[in-house]
Amino acid sequence: MNTTETNEATLENMQEAAEKVAEEKTWFDALEASGLRITEKQKQDISEKINDMLEYQPAIGLFGKTGAGKSSLCNALFGQDVCPIDDVAACTRDPQSVLLNMGCNGIKLIDVPGVGESAEVDEMCEALYTELLPKLDMVLWLVKADDRATAADKDFYERIVRPAVEDKKPVLLVLTQVDKMEPFREWNVEQHEPGATQFQNIHRKATLMAEEFGLRENQVIPVSAGEQYNLAKLVGEMVFALPVEQNIAVLRAVNSEYRSEEATRYVKDNIFDMIGEIIGSVCFSASLAVSEIADTIHDWWQSHEPWWWPI
């Protein structure tokens, strides 16, 4: 048999194997069809570990002054308001109860009071931030794009937030209401995007904020909730920054129009790898490598999307 015939035979065998996998009702059946033997006890252990991954509710804190657009942004992304913290003093006394009681579509959104409004509020915010930050999985710091009074934001971020989150959990600075940046009359209302000069000003402001807050440029996301501008980009950066057990919850929670193909593919690939690792850890004497397990699940998934998959 020549090389061409050998390659064709190999390809045919791979296609037959993939078709066989696709015919199985569950991914356990698919794995067994691929040569992996799994006991009922192992299936139970694997299912519990996967369910633990899927049931995790990431807590996302939204920081920013009153009027920064937290409610508008969350309405656009998730279809409902953030959970407000009205009584700052009460929340300072019992931040854990705030964290546990504010669930939203599989994630927890917490509206954290902004700084710079009064010395009294700033003092209470400092205590609240210190208590709350360790309990969060992600920080979204919202700043109005045309707000020039950001000294208090930068001071609190540098003193309180950065030490608590640096190298531990992701932070994104969200420039909101960019459609109001000068020259605001350039905004293209039909295409929902900035004009040329306005785009340059928005990019310049994003670069400046990245430098002032000590962030990478991809951590500063200009958006307009009202104009639905750049929201898919924000969702993508949230997804890329979070581990798989957290980013799948975010992807499931956001409105489908903001799930980019890139972010969706990233989450799905991460799930394949995570499930492969879980199965490999339970079936430690497996005849299949973790990568082969992930590939088998991928083949099965093409015709049997699980009920919990967001798309």
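**Figure 1. Helix α3 and its packing partners.** The buried residues of α3 pack against α2 (27-33), α11 (244-253) and α12 (261-282). This is a predicted model, where local features need pLDDT of at least 70, side-chain atom pairs count only at pLDDT 80 or more, and totals for chains, interfaces and linings use all residues. Residues are numbered from 1 along each chain as its sequence is written, and side-chain values use heavy atoms, with hydrogens and water left out. Helices (H or I, at least four residues) and strands (E, at least two) are DSSP runs, numbered from the N terminus. Helix α3 covers residues 40-55, so 16 residues, and spans 22 Å from first C-alpha to last, close to the 22 Å expected at 1.5 Å a residue; that expected span is 1.5 Å times one less than the number of residues. Its buried set is Gln-42, Lys-43, Ile-46, Ile-50, Met-53 and Leu-54. Here, buried means under 20% relative accessible area, exposed over 50%, and partly exposed in between (1.4 Å probe, protein chains only). An α-helix has 3.6 residues a turn, so residues three or four places apart point the same way. On the face of α3 turned away from the buried side sit the exposed residues Glu-40, Lys-41, Asp-52 and Glu-55.

**Figure 2. Helix α13, another helix with a buried face.** Helix α13 (residues 290-301) has 12 residues and reaches 16 Å between its first and last C-alpha, close to the 16 Å expected at 1.5 Å a residue. Which residues of α13 are buried? They are Ile-293, Ala-294, Thr-296, Ile-297, Trp-300 and Trp-301. Viewed down the axis of α13, they fall within an arc of 160 degrees, so they line one face of the helix.

**Figure 3. Strand β3 and the strands paired with it.** In β3 (residues 138-144), 6 of the 7 residues are buried, so the strand is largely enclosed by the rest of the structure. Strand β1 (residues 59-63) runs parallel to β3 and is joined to it by 4 bridges; two strands pair if DSSP finds at least two bridges between them. Ile-60 stands opposite Met-138 in β3. Strand β4 (residues 171-176) is also parallel to β3, with 6 bridges joining the two. There, Leu-142 stands opposite Val-174 in β4.

Figure 4. Thr-176 is in strand β4 and is buried, with a relative accessible area of 4%. Setting aside neighbours within four places in sequence, Thr-176 is in contact (heavy atoms within 4.5 Å) with Ala-68, Leu-142, Val-143, Lys-144, Ala-145 and Val-223. Ile-221 belongs to strand β5 and counts as buried at 1% relative accessibility. Beyond four places in sequence, the contacts of Ile-221 include Leu-173, Val-174 and Leu-175, along with Asn-230, Lys-233, Leu-234 and Glu-237. Ile-221 and Ala-210 are 11 residues apart in sequence, and their C-alpha atoms are 9.8 Å apart in space.

Figure 5. Most residues other than glycine have a negative phi, and most peptide bonds are trans. The peptide bond from Glu-182 to Pro-183 is cis, with omega near -10 degrees, and Pro-183 lies in the loop between β4 and α9 (196-213). In the loop between β5 and α10 (231-241) you'll find Gln-228, which has a positive phi near 55 degrees and counts as partly exposed at 45% relative accessibility. Asn-230 lies in the loop between β5 and α10; its phi is positive too, near 65 degrees, and at 25% relative accessibility Asn-230 counts as partly exposed.

Figure 6. The protein averages a pLDDT of 81, and 81% of the residues score at least 70; pLDDT is the predictor's confidence in each residue, from 0 to 100. Confidence is highest in strand β5 (residues 220-222), at a mean of 97, and lowest in helix α6 (residues 95-101), at 42. Over residues 92-105 the pLDDT is below 50, and this stretch has 27 contacts in the model beyond near neighbours in sequence. Residues 13-23 also stay under 50, with 9 contacts beyond four places in sequence. Where pLDDT is low, the predicted coordinates should not be read in detail.

Key:
The arc is that of the directions from the helix axis to the C-beta atoms.
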